[in-house]
Amino acid sequence: MIGVFKQKNPRNAFLLFLYALVLKFSIFLHPVLPVLHKEDNYFYRFILNTLGSLFGHLPIFFSFLTFLLLYIQAILFNRICTYHKLLPKPNFLPGMSYILVTSLLLDWNHFSAPLLVNFIMIWSWHRMIELYNNNHPVTAIFNIGLLAGLASLLYIPAMAFLMLVLFALIIMRPFRIQEWLVGFLGFTSPYYFLIFLLYFTGQLQWRNILPDIVFTIPAMPTSIWISLGLMLLLIHFMLGGYFVQKNLNKMLIQVRKAWSLLLVYLIVAVVVILINKANSYENWIVMAVPFAAFYTSAYYFPENKTMPRLLHWLCFLFVITVNYLV
C-alpha cells in the first residue's frame, strides 16, 4: 500500500477514497449523533443547529458528513505537502497517513467542533508556510489571525492556536512589531462581530465573550485499545521525527522551517487538549495534522521499506480490529 501511494498518480485520489472507505465504513454501521460539550463555542452551536433544522437529527447524515470532511481534509493536506515540497517527490502518502491517523481512535470519527477546527488549521498552516517568501505579508498575517480567531469561535480551547500564529511569525519572518499587531487584530476580528451580535440579543456580558480557561490533566485511557492507538501514534512520531532530522540538511530552508512549524503545531495542539478537560477523545483530533506529517516521514524516508510496511499493516490491522471486531 505504501508503494502505491508513494507514486504521483491521479488515480490515487480514488484509491485514497476506497482506502478511507475500508477503514471508516464502521461509522456508517454504527452512526452517532454529535454531542455538545461545554467547550463548544457559538459558531459550532450555530452550525449544529442549522444542520439539525435542515436535515433533521439523523445519525447517518452526520456519519456521511464526517467521512466527507475527513476525506477532503486528507486531500487538502496532501496537496499542501506536495505544493510546499515537504517530501522530495510528490506522492499521496500524506493523505493516506491522515486517513490512517484519524482512524486510530474511534472518537476521531465523530462530527465535532475540533474536526471543523482541523479544516481551518490545515489551511492556516499552509498560509503560515507561505509567509517565508511573501514580500507583502500584512494581508496574509491578518488572514492567518482571522482563521485562528474563527477556530476559537468553533471550539474555545482553540484560542491556544494564537500561540501558533505568533510562533509562525518568529519562524517564518524577521521580527516586526506591526506584523504581530496585525496578527492579533486578525485574531480578535471575529469577536467584534460576536460583541455586536450579543449586544443586539441582550446577552452582552464578559463571561459570554471570554469564557473560563482551566488547564487540566487529560483523562487516562479507559481501555487497552485507546492505549494501543496512542502508542502507535507515539512510535510513528518518534520514528518520523528521526528521519526528518536525518534528512534535514538535504531540505530547502523553507521546508526545514515548515517541519519546525509542524513540531510547534503539535506542541500547541497538546496545549489545546489540556484546556477545559473533555469527557471524550474528540478534542485530541487537533493533533492529527502534525502526527500525519510525521507518519508520512516514517513511511517515505527509510531506505529499507520492510519496517515501514510492517508498521503500516500493523496500524491497518489495528484499525480494522478496533472498528469492526471490538
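**Ile-170.** I looked up Ile-170 and found it partly exposed, with a relative accessible area of 47%. Partly exposed lies between buried, under 20% relative accessible area, and exposed, over 50%, with a 1.4 Å probe and protein chains only. This is a predicted model, in which local features need pLDDT of at least 70, side-chain atom pairs count only at pLDDT 80 or more, and totals for chains, interfaces and linings use all residues. Residues are numbered from 1 along each chain as its sequence is written, and side-chain values use heavy atoms, with hydrogens and water left out.

I placed Ile-170 in helix α9. Helices here are DSSP runs (H or I, at least four residues), numbered from the N terminus. I then checked Ile-170 against Trp-180: they are 10 residues apart in sequence and 9.5 Å apart in space, C-alpha to C-alpha.

**α9 and α10.** How do the axes of α9 and α10 cross? For α9 (residues 161-172) and α10 (residues 177-200), the axes come within 11 Å and cross at roughly 155°. That makes α9 roughly antiparallel to α10. I noted the rules: axes are lines fitted to C-alpha atoms over the stretch in contact, and angles run from 0 to 180 degrees between N-to-C directions. Angles over 145 degrees count as roughly antiparallel, under 35 as roughly parallel, 65 to 115 as roughly perpendicular and the rest as oblique.

I listed the contact, meaning heavy atoms within 4.5 Å. From α9 come Leu-162, Leu-166, Leu-169 and Ile-170; from α10 come Glu-179, Trp-180, Phe-184 and Phe-187. By class I get 7 nonpolar, no polar and 1 charged. Nonpolar covers Ala, Val, Leu, Ile, Met, Phe, Trp, Tyr, Cys and Pro; charged covers Asp, Glu, Lys and Arg; the others, Gly among them, are polar.

**α9 and α13.** Next I took α9 with α13 (residues 253-274). They pack at an angle of about 160°, with their axes 9 Å apart. That makes α9 roughly antiparallel to α13. On the α9 side, the contact includes Phe-161, Leu-164 and Phe-167. On the α13 side, Leu-261, Val-264 and Tyr-265 are among the residues. I count by class 14 nonpolar, 1 polar and 1 charged residues.

**α2 and α15.** Helix α2 (residues 12-24) and helix α15 (residues 306-325) pack at about 45°, with their axes 8 Å apart. They are therefore oblique to each other. Tyr-19, Leu-21, Val-22, Leu-23 and Lys-24 in α2 meet His-312, Phe-316, Val-319, Ile-320, Asn-323 and Tyr-324 in α15. The classes are 8 nonpolar, 2 polar and 1 charged.

**The core.** Which residues have the most contacts inside the largest nonpolar core? They are Phe-111, Trp-125, Phe-161 and Trp-259, in a core of 115 residues. A nonpolar core is a set of buried Ala, Val, Leu, Ile, Met, Phe, Trp, Tyr and Cys residues joined through side-chain atoms within 4.5 Å.

I followed Phe-111. Not counting residues up to four places away in sequence, Phe-111 touches partners including Pro-34, Tyr-44, Phe-62 and Thr-66. Thr-66 is in helix α5 (residues 59-83). At 1% relative accessibility, Thr-66 counts as buried.

**Thr-139.** Buried or exposed? At 55% relative accessibility, Thr-139 counts as exposed. I found Thr-139 in helix α8 (residues 138-154). Its C-alpha is separated by 9.3 Å from that of Gly-183, 44 residues apart along the chain.

Note on methods:
Helices (H or I, at least four residues) and strands (E, at least two) are DSSP runs, numbered from the N terminus.
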